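Please look over the structure below. A few questions and answers on its cavities and on the contact between its chains follow.

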Amino acid sequence: MTTATAVSIHSLWTTLADSTPGAATTSTAFQTPKVEYAQLSPILIVFGAAILGVLAEAFLPRRSRYTAQLAISVIGLAAAFAAVVALAADGYASTKSHIAAMGAVAVDGPALFLQGTILLVALVAAFTFAERRLDPAAHGNRVDSFAAQGSAVPGSEQEKAAVKAGFTTTEIFPLLLFAVGGMLVFPAANDLLTLFVSLEVFSLPLYLLCALSRRHRLMSQESAVKYFLLGAFSSAILLFGVALLYGYAGTVSYGGIADVVGGTAKLTPALANSTATDALLLIGGAMVVIGLLFKVAAVPFHMWTPDVYQGAPTPVTGFMAAATKVAAFGALLRLLYVVLPGLRWDWRPVMWAVAILTMVIGAIIAVTQTDVKRLLAYSSIAHAGFILAGVVAVSPDGVSSVLFYLGAYSFVTLGAFAVVTLVRDAGGEATHLSRWAGLGRRSPLVAAVFAVYLLAFAGIPLTSGFAGKFAVFKAAAEGGALPLVIIGVISSAIAAFFYIRVIVLMFFSEPQPGAPSVAIPSLLTSSAIAVGVAVTLVLGVAPQYFLDLAGKASVFVR
Amino acid sequence: MDHLIGALVGAPLLGAGILLTGGRRLDRIGHWIGCLLAAVSFAIGVLLFADMLGKSGAARTMTSHLFSWVPVASFQANVSFQLDQLSMTFVLLITGVGTLIHIYSVGYMEYDERRRQFFGYLNLFLAAMLLLVLADNYLLLYVGWEGVGLASYLLIGFWQHKPSAATAAKKAFIVNRVGDMGLSIAVMVMFTTFGTFTFGPVLAHATSASQAKLTGIGLLLLLGACGKSAQVPLQSWLGDAMEGPTPVSALIHAATMVTAGVYLITRSGAIFNAAPTAQLAVTVVGAVTLLFGAIVGCAKDDIKKALAGSTMSQIGYMILAAGLGPIGYVFAIMHLVTHGFFKAGLFLGAGSVMHGMNDEVDMRKYGGLRTYMPITYVTFGLGYLAIIGFPGLSGYWSKDKIIEAAFAKGGTDGWILGGVALLGAGITAFYMTRVMLMTFFGDKRWGREAAQEPGGVAQPQPHPHEAPKTMTIPMIILAFGSVFAGGLFSINSSFLHWLQPVTGHTEGHLPVSAAVIQAATLVVLAIGLGLAWRQYGRQAVPAVAPRGSLLTRAARRDLLQDDFNHVALVKPGEYLTRGLVYLDHSLVDGAVNGTAASVGGLSGRLRRLQNGYVRSYAVSMFGGAALLVAATLLMRGV
């Protein structure tokens with residue numbers, strides 16, 4: 001599915017809804033939707049590359065697929081990023097920002113900033129996807145972290161045969177690209193239907209990717225099923241919310257709903273006299289927000305996170321943890337700042353509560369975790385809480401601080417999960433924390449890099465984590481959310497405990513006998529980790545340029 | 001051109017980065033990378049200097065803004081540089097002498113297996129020191145200030161396998177902390193008073209602050225200067241710092257870092273000019289230290305410690321001059337530069353002697369070395385003549401000006417300070433002649449005890465020899481500086497005209513004519529020289545130090561500085577920490593452990609909710625959604 005088709009379906013749909021019943025029956029002329037292809041080029045490039053990937057999967061011999069897929073992904077993502085930069089340089093982030101594709105997709109500062117972030121994250125993630133040096137070669141074939149054959153039942157003869165033949169699932173690359181395409185639309189979606197469609201477009205490939213782990217396949221499949229079921233549940237809630245909002249305002253476009261909320265446009269005639277209209281608006285708005293809170297893993301919609309993060313192949317976890325958060329927070333910001341600013345006094349206290357719960361519960365439960373991936377999952381929940389603190393600031397500073405935080409956080413997360421892929425024993429990745437004891441003695445460089453990431457998570461100065469947290473808390477405090485900031489700082493203190501504990505474990509504990517070894521990665525994972533460290537330190541030491549960039553990109557188009 | 005200022009700091013910083021992270025593959029060429037980047041920095045410095053000479057007046061001050069680190073309201077942590085005549089002087093001294101000492105170290109550290117790391121630290125030092133003198137605000141200056149402290153710590157303790165070196169490094173670091181606290185509080189007070197860290201506005205509005213605040217800032221800055229420049233009462237670390245490799249002693253603990261205090265006071269001249277009490281304190285510290293260091297220098301048998309006492313004393317001169325206000329600033333800096341040449345040269349000479357004598361430092365085991373190491377003898381000798389103020393050589397021009405300026409302060413103060421400075425010149429002549437005679441003249445006293453020690457571990461017989469070219473060439477170049485720099489600066493008062501726009505200058509009124517003071521200086525010099533010759537030239541030097549007078553014994557123990565610190569500071573400190581530890585165990589730990597235990601318990605309980613069943617996750621989502629919707633509705637009261 002491409003956006004172009006989605007747009008035409010939807011514009012047909014709204015055109016019919018907007019016109020009077022009489023006109024609809026008489027009018028047979030079908031208006032061609034106006035689509036600004038150049039402004040949508042980042043999205044179109046990524047979807048184009050994904051389709052090319054599917055074709056490559058169908059027509060290329062198995063041997064050459066890996067190289068071709070990697071090339072298609074990297075070139076596609078890089079080209080899309082170049083397109084984003086070109087659009088931003090052309091002024092679409094500021095003066096020329098407007099709504100493209102018949103009101104479906106916004107091209108403005110926040111959208112381009114987040115799309116750029118997602119594309120860079122995806123580019124680095126593609127490197128970790130393509131890593132083939134970590135697992136010992138199976139029967140002379142280099143293999144990656146993904147299942148030899150997704151359709152083979154775990155433990156079956158068919159699977160053994162696939163492993164022996166050296167199969168690899170190169171379909172992961174088109175899946176990654178489809179997910180990225182959906183994520184690019186998500187924060188730019190300017191009506192509720194585009195929002196929903198893009199949500200599904202990026203969620204479905206992620207469900208599949210989660211199920212494709214080479215090791216621990218049962219756990220991986222379990223995580224995918226859990227993610228799918230709960231994801232479907234949350235999508236249903238979101239869709240129901242969309243329906244209620246449409247019922248209230250008679251339109252699904254963000255601007256249209258905002259006008260009705262603000263009182264500048266009339267209610268739907270059918271509902272104008274109804275007494276329960278505000279209830280429709282409030283319930284609908286809350287349900288759409290709930291759908292997004294599920295994606296950012298905010299409490300109490302976070303339960304899927306640890307299980308899925310642990311079960312999914314680690315490169316996928318890294319990508320998901322980084323990019324999904326960027327996309328979902330982007331959509332949440334646009335919804336709250338464009339559609340519902342008139343309801344600020346209704347949703348702010350509720351979001352306060354969600355932010356507080358998310359920060360506190362994420363940090364507290366992480367304290368007793370014993371698995372690195374689960375630890376990082378809870379840490380990502382706590383971070384969602386910190387970002388929410390910036391969201392409730394309701395100011396341009398709030399937007400820019402969230403944008404900056406997302407950029408900083410996503411690279412730290414991606415890098416941290418990439419390091420997790422390196423620490424291995426005979427059973428694959430050794431993720432139990434006790435296995436990491438004394439890692440600093442045996443592999444000082446890997447442990448030091450992980451320590452940098454942990455310090456960034458903890459928000460220690462001179463790392464990007466500090467700059468991000470500082471920006472977010474500053475915006476929240478200026479927005480009158482001082483109690484939120486105080487609770488945030490206390491949560492950070494609790495969180496610092498378990499980050500530092502891992503550092504202590506790595507550097508000041510004796511290694512266990514038979515401790516896992518650190519695999520020497522190829523240039524792919526090494527460069528992913530190096531990029532993560534570089535971004536962490538640059539954003540920590542000299543954040544101002546990027547804070548300014550986020551500040552310039554913080555105005556939503558209406 | 002302005003953008004090159006960042007490159008001045010960047011080149012050695014890059015070197016430090018490459019050398020410290022490069023790993024063993026760089027062991028073979030690492031030292032040359034270090035030298036190259038130091039030289040690049042020097043070349044940029046010369047380029048900027050030439051550019052600066054081509055301009056005039058206010059245009060000579062260049063600025064370069066790199067970036068701001070997280071600006072919050074008026075709190076601007078700017079990374080920006082300011083290059084004016086004062087900074088330029090330091091840049092040329094630091095990079096010039098620094099490059100020479102880098103080259104010297106190639107030979108000196110040839111057999112050290114951690115030579116690459118050594119050069120990494122040296123480059124790190126250069127970067128931090130350049131940052132210190134190029135910063136355009138007190139905050140960035142503080143970054144450089146701490147940076148040189150770190151480099152100094154790493155290099156004093158470079159031979160960390162020696163317990164004495166490790167202890168000396170710690171001592172230097174801890175004593176410096178006291179001074180650093182002073183500087184950091186001064187910077188904070190400055191920010192609350194003036195609302196900015198930048199030199200320009202702070203110094204321009206210095207007079208607008210209250211007298212009490214200015215005095216406070218001045219005294220705190222002085223405390224910082226005392227720590228870094230080893231002035232009384234924070235002088236105790238410098239002698240021990242000689243545990244570091246000799247090039248380090250020459251570069252950091254003689255020519256550059258220890259003079260940072262003089263830079264700080266000169267740079268903050270506007271504050272001190274407006275706070276006479278603080279200024280008086282500066283002169284007192286300088287005068288006391290110049291005698292203290294000189295007396296200690298007379299009693300030490302360790303050649304490096306004797307030179308360390310001398311460094312302390314000479315910096316005392318500079319601090320004294322800086323405390324005199326506009327009549328002294330220029331001469332403080334001028335003495336700083338000439339001292340940078342001759343003291344670095346003397347230390348390199350001492351290193352060369354040690355190099356040839358199996359790392360022996362006891363001058364009582366030297367003697368008669370002039371024929372064995374002629375180049376070292378000549379270069380050391382020229383440095384010696386320069387430091388005692390032999391007419392025509394560098395030290396003569398700069399020290400004489402300081403003595404005159406001290407007299408010119410006027411009143412009783414002027415007589416006392418001038419008298420002290422004059423006396424110091426005499427003692428300088430005495431102890432430096434002593435070093436010279438004990439090392440290069442008289443009978444050779446080495447190679448005896450190996451035979452005299454039956455049953456002892458046979459010491460390898462020293463074979464004094466001249467050092468390799470990488471070591472002698474820097475010594476020769478520095479000797480040229482020792483001889484000519486002072487005279488060059490004094491032709492047409494060129495140094496005065498160069499620096500005056502930054503520091504300001506007023507001529508003082510001498511109570512007697514300048515010629516009388518110059519004559520008195522020469523007489524005192526001759527007396528000191530003669531006394532030293534009587535004791536160490538005419539008589540043979542005993543191989544074992546005689547018991548000596550009470551003063552001599554006290555001076556050997558650094559005038560009881562460590563005993564004083566132990567009784568006055570360490571003991572009470574220990575009682576205080578014991579008390580705090582008790583409080584920490586009983587009160588703080590109880591609270592902390594209690595909180596930690598309750599968080600842990602809560603965490604364990606909450607964790608049970610995560611049972612792995614999708615159905616219960618879905619229920620919690622449903623419950624959460626219902627609550628959220630209900631709460632939203634409640635907010636409106638619908």
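On a 1 Å grid over the protein atoms alone, a cavity is a set of points where a 1.4 Å probe fits but cannot get out, and lining residues have an atom within 4 Å of a point. This is a predicted model, in which local features need pLDDT of at least 70, side-chain atom pairs count only at pLDDT 80 or more, and totals for chains, interfaces and linings use all residues. Residues are numbered from 1 along each chain as its sequence is written, and chains are lettered from A in the order in which they are written.

Q: How much space lies in the largest cavity?
A: Cavities of 30 Å³ or more number nine. A volume is the space filled by probe spheres set on the grid points, which are joined across faces, edges and corners. For the largest cavity this comes to about 120 Å³.

Q: Which residues are closest to the centre of the largest cavity?
A: The lining divides into 10 nonpolar residues, two polar and one charged; Ala, Val, Leu, Ile, Met, Phe, Trp, Tyr, Cys and Pro count as nonpolar, Asp, Glu, Lys and Arg as charged, and the others, Gly among them, as polar. Of the 13 lining residues, the closest to the centre are G285(A), A286(A), V289(A), W347(A) and T632(B).

Q: How many residues of chain A are in contact with chain B?
A: Contact means heavy atoms within 4.5 Å. On the chain B side, 32 residues take part. Their partners in chain A number 43 residues.

Q: What is the count of salt bridges between chain B and chain A?
A: A salt bridge is a side-chain nitrogen of Lys or Arg within 4 Å of a carboxyl oxygen of Asp or Glu. Between chain B and chain A the count is zero.

Note on methods
Heavy atoms only, no water. 1 Å grid on protein atoms, 1.4 Å probe; cavity = no way out; pocket = protein on both sides within 12 Å on 5 of 7 lines; lining within 4 Å.
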